[in-house]
Amino acid sequence: MAVSHVLTMALTLRVSPLVAVADQVVVHLPEPIADRTKGFLGGLDKPVLMMVVGLVAAAIAAWVGGLARRGWWPPLPAQLLLGAAGIVLVLDRSAAAPDELAAGDVVPLVAGLITWVAVLSFLAEPLRRWSETEAPDPDRPGRHPETTRRDLLARGVGVGLLALAGGIFGERLGKTRRHVEESRRLLRLPVTDRRPPRGVRVDVDGVKPWRTTNRAFFRRHEVAVPPAIEPDDWQLQIHGLVDRDLVLGYQELVDRRIVEGWATLTCVTNEVGGSQIGNAWWSGVSLARLLRDSGIRPGADAVRQTSAEGWTCLTPLSAILDDRNAMLAIAMNGEPLPIGHGFPVRSIVPGVYGYVGSCKWVVDLEVTTMDAATSDWGERGWPEGLAAGVGSRIDVPEDGDDLRAGTVYAAGTAWKPGVGIESVEVAIDGGTWQPAELARAPGADSWVQWSLPLDVGPGEHRLRVRGIAADGEVQSGMPREPETGPRTGWHAIGFDAS
Ligand SMILES: Nc1nc2c(c(=O)[nH]1)N[C@H]1C(S)=C(S)[C@@H](COP(=O)(O)O)O[C@H]1N2
Ligand SMILES: [Mo]
């Protein structure tokens, strides 16, 4: 358990086995019993719960330990069974906070299990040695000689001390992060969790969901471990070309009027057909209102946003002050922002690329001008203030599919965040562009699904797609893979019909 715990903390995952079991008890305890116990124990309920879980675990471990007297393998089935149960519990708990990959949560458990098997064998070794060589009856422990007992005791104390040291070390290691994750889990925000509106999905199997789950949403940042910030410690400064500087705490932010909306966010580095794009329901506080409250001075045309780890972006004021839903987001798909997506607060500015308007862990807004200020990506040569371009993708068929000749349904998605999609066109085998049918979109900021039935004969086929935005921009077919601009080109796939 100590090994699992240390690894859980070192890998900055959320749930170690003991915590997972305790969580499950909390979740499944009938309400009246939970209330009674809480009333009785007061603030001590969590420590007592952990102690009880720990004692039960120790009792089970002791029973399993007894099986080890005859060899290293008799306890194995019980150990594997308990390990599997632990994995199920941990995975179930981590699904409640879909931040990192679930597969990673299993690593500490497997390491813990292997340690358990090895350590138990090591502990029981003196007993085995004795029963093999000297005593024919291993079930009468009263007859163990002094040396065996001393050996057993020394090994037990050694392992116990190591486990204790490991547990304490792990506890310190992940304390801040775990605490932040806990705060995050306990937050109740005045936001809604919106299902995708009616009609946004095309009815074709294999199309990626219109709403991207937090778990599936791409993550893009340049720190190995995202900053862990307690909401209580979070503070936002608004300054620069404003009449009044503003300092805002988390609760003050949450207490303001909440705005919500669907928005598609994409990275400028997304490959044609790539997955660095997602569409979510965001909740937060209007950036336009906040800035207007500070009094924007004449001449200002940009906001330089800085994050807790020092990352910066430069956002044109025009993208914030018009009627799109530019916001300081506190929730994503109805849940407090996952740490990896900017907890506790990040900005979302529909219509511009992530490096222009979408500062995660944002702590500072400086009202300034595009001429006077720079941003991280701008200094690396990316154009400052770049608006997102038109793009589109084929989800089905998938590249390399083998299909039956006849009617084949093609479908996918298209976007120009902030502007919207006018039409989508599909061409098969280099033929003319045919208009696809569009599903609904609740607004200009989210992507649109498209579909088109195609009549295909036997043989190899090639399909490509282009989007046409509401402002007339036609997606360019010129393949461009620049270091400092969006990738362009049409998404194309090949499939076989027979
Ligand atoms: N603090 C911070 N914010 C950041 C970044 C970063 O590296 N650090 N990357 C940006 C980029 S390039 C993109 S595309 C988006 C990605 O947001 P996501 O990780 O929530 O999908 O975050 C933006 N905000
Ligand atoms: Mo990005």
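Predicted model: local features only at pLDDT ≥ 70, side-chain atom pairs only at ≥ 80, totals over all residues.

Colleague: What makes strand β16 and β17 a pair?

Modeller: Strand β16 (residues 437–438) is joined to β17 by 2 bridges, and the two run antiparallel. The rule asks for at least two bridges, so they count as a pair. Within this pairing, E437 stands opposite S451 in β17.

Colleague: Which other strand pairs with β17?

Modeller: Strand β13 (residues 406–415) pairs with β17 in the antiparallel sense, over 9 bridges. There, T407 has D455 in β17 as its bridge partner.

Colleague: How many residues of strand β7 are buried?

Modeller: In strand β7 (residues 327–332), 6 of the 6 residues are buried, so β7 too is largely enclosed by the rest of the structure.

Colleague: Which strands pair with β7?

Modeller: Let us take them in turn.
- Strand β4 (residues 277–286) is joined to β7 by 5 bridges and runs antiparallel to it; here G284 has A329 as its bridge partner.
- Strand β9 (residues 346–348) pairs with β7 over 3 bridges, in the antiparallel sense; M327 has I348 in β9 as its partner.
- Strand β8 (residues 335–336) is joined to β7 by 2 bridges, again antiparallel; A331 has P336 in β8 as its partner.

Colleague: How do you know whether N333 is buried or exposed?

Modeller: The relative accessible area of N333 is 6%. The cut-off for buried is under 20%, so N333 is buried.

Colleague: Where is W361, and what is its phi?

Modeller: W361 lies in the loop between α12 (354–357) and β10 (362–368). Its phi is near 50°, a positive value in a residue other than glycine. With a relative accessible area of 1%, W361 is under the 20% cut-off and therefore buried.

Colleague: Which peptide bonds are cis?

Modeller: As a background point, most peptide bonds are trans. The bond from F343 to P344 is cis, with omega near 5°, and P344 is found in the loop between β8 and β9. Another cis bond joins V396 and P397, where omega is about -5°; P397 is in the loop between β11 (391–396) and β12.

Colleague: What makes up the largest nonpolar core?

Modeller: This core has 60 residues, and L253, W282 and I330 touch the most other members. Its largest share, 6 residues, comes from β7. Leaving aside neighbours within four places in sequence, L253 is in contact with W234, L248, V285, L290, L328, I330 and V345. Apart from this core lies another, of 21 residues, among them V390, A410, W450 and L454.

Colleague: Which residues form the nonpolar patch on the surface?

Modeller: V52, V56, I60, W63, L67 and L82 form it, with about 510 Å² of accessible area together. The largest share, 5 residues, comes from helix α4 (residues 45–67).

Colleague: Why is V56 called partly exposed?

Modeller: V56 lies in helix α4, and its relative accessible area is 46%. Buried means under 20% and exposed means over 50%, so V56 falls in between and is partly exposed.

Colleague: What is the strand order in the open sheet of 5 strands?

Modeller: The order is β12-β19-β18-β14-β15, with mixed pairing.

Colleague: Why are β12 and β15 called edge strands?

Modeller: Strands β12 (401–403) and β15 (434–435) each pair on one side only, and they are the edge strands. Elsewhere in this sheet's order, β14 (residues 421–428) and β18 (residues 459–469) pair in the antiparallel sense over 7 bridges, and I428 stands opposite L463 in β18.

Terms used. Residues numbered from 1 in each chain as written. Chains lettered and ligands numbered in written order. Heavy atoms only, no water. Helix = DSSP H or I, 4+ residues; strand = E, 2+ residues; numbered from the N terminus. Buried < 20%, exposed > 50% of the residue type's maximum accessible area, 1.4 Å probe, protein only. Core = buried A, V, L, I, M, F, W, Y, C linked by side-chain atoms within 4.5 Å. Contact = heavy atoms within 4.5 Å. Patch = residues over 30% accessible without salt bridge, like charges linked within 9 Å, V, L, I, M, F, W, Y side chains within 5 Å. Areas by Shrake-Rupley, 256 points an atom, 1.4 Å probe, with all protein chains shown as cover. Salt bridge = Lys/Arg side-chain N within 4 Å of Asp/Glu carboxyl O.
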